[in-house]
Amino acid sequence: MTHPPLPETHPAATERLHGEYKVPGGKLVVADLAVADGSLADVSISGDFFLEPDEALLDINRALTGLPEATPAAELAEAVTAALPADAALFGFSADAVAITVRRALAKATSWADHDWNIIGPTVLPTEINVALDEVLTEEVGAGRRNPTLRFWDWEEPSVVIGSFQSFRNEVDPDGVAKHGIKVVRRISGGGAMFMEAGNCITYSLYLPQTLVDGISFADSYPFLDAWVMAALEKLGITAFYVPLNDIATDQGKIGGAAQKRLANGGMLHHVTMSYDIDADKMVKVLRIGKEKLSDKGTRSAKKRVDPLRRQTGLARTAIIAAMMDVFAERYGATPSELSEAELAAASDRVAAKFGREEWLHRVP
């Protein structure tokens, strides 16, 4: 009696490694593999996706086997794509999804469940302290001194927070700022200006290790990191979605925008502001909202771009924030946390040295 040949084995291989990745809006991809002499061995990709022709799965496994374990996600995806036959059809997953899954198996990429998450509820602080905390806490998470954290902002003074690369004179109307007593500060993340009066918007910052978005494109990282927010809004009766690159909208208009910053130490900031009850008349007197920007959004009036959450939900701002915190905690097992005295002191020092200085505010004139 003959038997089929046994699968090839690698004596030098370590234990089997396992990684999983659920494609947003798609299927589950699973990677089981080993590492032998610094290279991928015995790679087996599986999942509930669809793939034609059937033999293409073997092509994917062969393409990955033998690659160095340190191969970046982009190169893993390129190897998979190059190995697929011209008529291959992938449904519910992609070469990028395979790469992310392999990186997770190797612990080069992480999932939400790999981390202990914290939540810091709204705390009233000066706007420049809020901006400085974004830099301080991102550094702390990158250095491993703080758990990945979701923090909700709160403030009292009317403010404008401009993006890291925006021109001060092109974005801010000095007469409007002076008339309405607006505090203007610059943040570390890119994106557009935020008009913030007490209680008129919902702002949060997510501090995370970059391993969470390893292999995920810059554009895809925005909806990936805000999937929990969309779920929270859905519970409140709002169907929200991303408009590339960084706008959050409903069928009634834009409700918010996101911005990001990645630090050299591996920490990452994902920052979002959503409109709640903005005074649009005052906003257009404080900000210079150009015709080019409005035309890109398909609108003629800045007021039409502001579609507050208050109108769409009928709920108090505090209730919406509470719902967001509840969904984040339920999804990721997050626990409450507070800002430490050391973190607040570091933020104050950062204001004195950077965020409160004219050189930073006007670094792009």
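**A loop residue and some rings**

So, let's start with Ile278, which is in the loop between strand S15 (267-275) and helix H9 (280-286). Keep in mind that this is a predicted model. Is Ile278 buried or exposed? Ile278 is buried, because its relative accessible area is 14% and the cut-off for buried is under 20%.

Now the rings. The structure has 14 aromatic pairs. One of them is Phe218 with Tyr222, with ring centres 5.5 Å apart and planes at 75 degrees, so we call that edge-to-face. Both residues belong to helix H7 (residues 218-225), and because they are four residues apart, about one helical turn separates them. Phe218 is partly exposed at 45% relative accessibility, whereas Tyr222 is buried at 4%.

Another edge-to-face pair is Phe355 and Trp360, at 5.6 Å between centres and 80 degrees between planes. Here Phe355 is buried at 3% relative accessible area, and Trp360 is buried too, at 13%. Trp360 also has a charge over its ring: the charged end of Lys354 is 4.4 Å from the ring centre.

Last one: ring pairs join Trp112, Trp117, Phe152, Tyr204, Phe224, Trp228, Phe328 and Tyr332 into a cluster.

Note on methods
Residues numbered from 1 in each chain as written. Predicted model: local features only at pLDDT ≥ 70, side-chain atom pairs only at ≥ 80, totals over all residues. Heavy atoms only, no water. Helix = DSSP H or I, 4+ residues; strand = E, 2+ residues; numbered from the N terminus. Buried < 20%, exposed > 50% of the residue type's maximum accessible area, 1.4 Å probe, protein only. Phe/Tyr/Trp six-rings, centres within 6.5 Å; stacked < 30°, edge-to-face > 60°. Lys NZ or Arg CZ within 6 Å of the ring centre and 35° of its normal.
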